[in-house]
Every structure is written in structure tokens, then in C-alpha cells.
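The sequence and the structure are shown below.

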Amino acid sequence: MSRATQAASGAARRAGEIARATPRAIGRLVREALETVWGAIVRTVAVLEAWLLDSKKSLYGIAVTRMVLGLTGIGLLLTNFSTRLYTFGSGSAWNGEAAEPVSDFPKIWIFSLFDSVRLDDGAFTVLYLALLALAVLVTLGWRIKIVLPVYLIMWVSFIEMTDAVGDQGDNMYRIVLLILLFADPAARWSLDARRRQRGGDKTVLPREISTLLHNLALVAMATQVFFVYVSGGLYKAGGSPWSGGYAVYNPLMTERFGTWPALSELIVAWGPAVTIASWGSILLQIAFPFLLLARPTRIIGLIGIMSFHIGIGVLMGLPWFSLAMIGIDFIFIRDRTWRHVADRVRASYRSPERSDNPEGAQAAT
């Protein structure tokens with residue numbers, strides 16, 4: 001056999017071996033890839049299961065959200081008390097909503113309580129004060145599982161009476177109240193928490209189900225916040241006033257939103273500041289979910305978004321909308337941070353003699 005024939009025969013054998021080995025190699029690679037993917041899925045499911053079922057997350061943050069939402073309700077009701085009849089009651093009959101409400105909520109029996117007494121000043125005032133009392137109880141966290149559903153129903157009944165005086169903050173407010181029904185907003189810094197310390201943390205549902213509902217409520221609340229910010233930022237980016245960098249100027253120069261004319265003129269006096277505020281708000285809202293992924297950027301994102309709401313509350317005269325949104329954003333602050341703040345506050349109230357004069361304390365002992 002010639003050398004050329006031998007070489008050809010060897011090449012053919014190697015080709016045959018490669019052809020036979022290729023399916024096995026491909027199968028092994030596919031199997032390893034599938035095992036890697038399956039392992040990643042199993043680990044991810046285990047992490048999610050542990051996160052959802054092991055313990056309730058953001059108990060301090062949700063407690064602060066509960067308190068701020070309660071304070072928002074108290075503030076809105078108190079500031080409107082003197083004009084309650086003109087804004088919501090019999091004095092608002094001129095707008096036609098007493099005969100035919102614009103909102104569909106007063107047509108639903110469970111939300112029709114305030115609308116049914118709209119023209120009765122006495123009954124309306126009694127319900128108004130009852131709603132104020134419920135807001136106080138929500139803030140204090142007293143029997144929250146009973147008080148919160150009643151407060152939500154009465155709040156929607158009240159706020160939907162007159163459509164003209166509402167804003168988008170009302171929508172977010174009641175959405176979060178609804179989500180809080182499935183959470184444990186009174187587990188910390190509440191009268192319920194003090195009662196649990198004495199009698200134990202008893203739940204009607206199994207502990208795993210209660211923990212799961214709480215954490216899912218936290219996810220739902222965070223998702224709602226992300227949708228509001230990102231969709232709002234994308235919507236702004238498509239408008240010429242925002243892309244042109246002068247959108248902040250327009251509302252501050254109107255009579256309705258220019259609450260402090262002198263302050264508004266000072267803010268918009270420097271053109272670049274107006275552009276920075278306009279473009280910065282778009283970038284901040286769109287990037288907000290991603291800023292929460294790391295602690296340094298989370299601090300920047302939270303300070304930025306809260307400054308954004310403070311600006312709206314002060315400059316545009318929407319304090320209760322801004323306060324509600326700030327309260328909701330508190331869920332993104334870790335429990336460890338809240339505990340540290342609480343420890344610092346408690347330390348500041350300690351007796352100066354004990355901390356500054358230990359010898360005197362020993363002598364007194």
C-alpha cells in the first residue's frame with residue numbers, strides 16, 4: 001500500500017472517529033449546559049423561597065409608611081376642616097356632583113357612605129370626624145387589621161365625593177392602603193407591637209402564609225412605585241417641554257401651582273437650573289429602580305427622589321401628595337438603617353448626667 005493510500009486511510013479513520021464522537025460531545029455539552037441552567041434555577045428558587053418565607057422584610061420601613069400615610073390623612077382632613085362643607089359637603093352642590101357624581105365610586109354601595117350624607121351638614125361632619133379618628137388610629141397602629149380596612153373604605157368614599165379637588169396622589173394613596181391590607185404594617189412602632197410583646201405574636205393565618213403575604217405585598221408596593229416613576233419619566237421624555245428643558249418653568253408661573261411666587265421666580269431665574277431640574281427629574285425617575293441595587297446609588301436615588309417630592313410639595317403647593325409619596329419610598333430603607341436611627345434617637349434622650357458625669361452617677365448609686 002502506497003504512502004498516499006495509507007495517509008488517506010488514516011484520515012478517513014480519524015474523520016470516522018470524529019463523526020462518531022461528535023454526537024456524544026454535543027450531548028455532553030448540552031447536558032452540562034442544562035444542568036448548569038437547572039442548578040441556577042434551583043438556587044434562584046431556593047433564594048426566593050427563603051426570602052419570601054423565612055421572615056417578614058422591611059418591617060420598619062412599612063411601619064413608617066403606615067405612620068406617614070396616617071399623618072397625610074390627618075393633615076389633609078385638618079387643613080380642610082374649615083372649608084369641608086364648601087369643598088365636599090352641601091356647599092359643593094353647585095358643581096352637580098350631588099345629583100350625579102363624576103366618579104363611579106359613590107355609585108358602589110360600600111363606598112357611598114359620604115355621598116349619601118353630602119347635603120346633611122351634621123351627619124357629614126360626624127363622618128368627617130370619624131375618618132379623622134381612624135387616621136389617628138392608623139398612625140398609632142391600633143388594631144390595624146380592623147381599623148385599616150374601615151379607613152380605606154371610608155377614605156375612598158370621602159375622597160371620591162368631589163372629583164375636581166383630587167389629584168394623582170389620591171390614587172397612589174389608596175392603592176398602597178389596599179396593598180397594606182395584606183402586609184403587617186403595625187409590627188413595629190405601633191400600639192399593636194406593644195400588645196404583641198405582652199401577649200405574643202399571634203396570627204390567624206399560619207405563620208408561613210402571613211409571612212408570604214407580607215413579603216408579596218412589599219413586592220407589589222415596590223413594583224407599583226417603579227411603574228409610577230419609570231412610566232412618568234418615559235412620558236415626560238416624549239414631551240417637548242421636558243426634552244426642551246423648560247418644563248419646570250411652566251407650572252411655577254401659573255396661579256394654581258405657583259404657591260410662592262417670589263420663591264418660584266427665584267428658582268427659575270437661572271435658566272441652566274431649570275434645565276437641570278427638568279432633565280434631572282426624567283433621568284432620576286427612569287433610573288430609580290436601578291439606583292436601588294447598590295447601597296451608594298440607593299442613597300443617591302432616595303435623597304434625589306425625596307428632594308424631588310419636597311420640591312413639588314413646597315413649590316407647587318401639593319404637600320399631601322408629596323408626603324404620601326415620600327412615605328411610600330421609605331420601604332426602600334433597610335431595617336438595619338431604621339434600627340440605627342432609632343438607637344441614635346434613644347441615645348439622644350438619655351440623661352446628660354449619666355453620660356457626661358459617670359462619677360456622679362456612681363456616687364448617686
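## Charges over rings

Over the ring of which residue does the charged end of K57 sit? The model is a predicted one, and in it the charged end of K57 is placed over the ring of W51, with 5.2 Å to the ring centre. A further case involves R84, which lies over the face of F81 at 4.1 Å from the centre of that ring.

## Aromatic pairs

With ring centres required to lie within 6.5 Å, the count is 17 aromatic pairs. One of these joins F124 and Y128, whose ring centres are 6.0 Å apart; the planes stand at 45 degrees, so this pair is tilted. Planes under 30 degrees apart would count as stacked and those over 60 as edge-to-face. F124 and Y128 both belong to helix α5 (residues 121–140), where four residues, about one turn of the helix, separate them. Both F124 and Y128 are buried.

Y229 and F288 form an edge-to-face pair, because their planes meet at 80 degrees with the ring centres 5.1 Å apart. This pair links distant parts of the chain: Y229 is in helix α9 (residues 207–237) and F288 in helix α13 (residues 271–291), 59 residues apart. Y229 has a relative accessibility of 2% and so counts as buried. F288 is buried as well, its relative accessible area being 0%.

## An aromatic cluster

Ring pairs also connect a set of residues into a cluster, made up of F81, F88, F114, F124, Y128, Y151, W155, F158 and Y173. F81 is the residue whose ring face R84 lies over. F124 and Y128 are the tilted pair of helix α5.

## Packing of α5 and α6

Helix α5 packs with helix α6 (residues 144–159) at an angle of about 140 degrees, and the two axes are 9 Å apart. Angles over 145 degrees would count as roughly antiparallel; α5 and α6 are therefore oblique to each other. The crossing of α5 past α6 is left-handed.

On the α5 side, the residues in contact are F124, L127, Y128, A130, L131, L134, A135, L137 and V138. They meet I144, V147, L148, V150, Y151, M154, W155 and F158 of α6. Among these contact residues, F124 and Y128 in α5 and Y151, W155 and F158 in α6 are also members of the aromatic cluster.

## S116 and M161

S116 lies in helix α4 (residues 113–116). S116 is exposed, at 55% relative accessible area. Between S116 and M161 the C-alpha to C-alpha distance is 9.8 Å, while the two are 45 residues apart in sequence.

Definitions and conventions
Residues are numbered from 1 along each chain as its sequence is written. This is a predicted model: local features need pLDDT of at least 70, side-chain atom pairs count only at pLDDT 80 or more; totals for chains, interfaces and linings use all residues. Side-chain values use heavy atoms; hydrogens and water are left out. Helices (H or I, at least four residues) and strands (E, at least two) are DSSP runs, numbered from the N terminus. Buried means under 20% relative accessible area, exposed over 50%, partly exposed in between (1.4 Å probe, protein chains only). A charge sits over a ring if NZ of Lys or CZ of Arg is within 6 Å of the ring centre and within 35 degrees of the ring normal. Axes are lines fitted to C-alpha atoms, for helices over the stretch in contact, and angles run from 0 to 180 degrees between N-to-C directions. Angles under 35 degrees count as roughly parallel, over 145 as roughly antiparallel, 65 to 115 as roughly perpendicular and the rest as oblique. A crossing is left-handed if the near helix is turned anticlockwise from the far one by less than a right angle, and right-handed if clockwise. Contact means heavy atoms within 4.5 Å.
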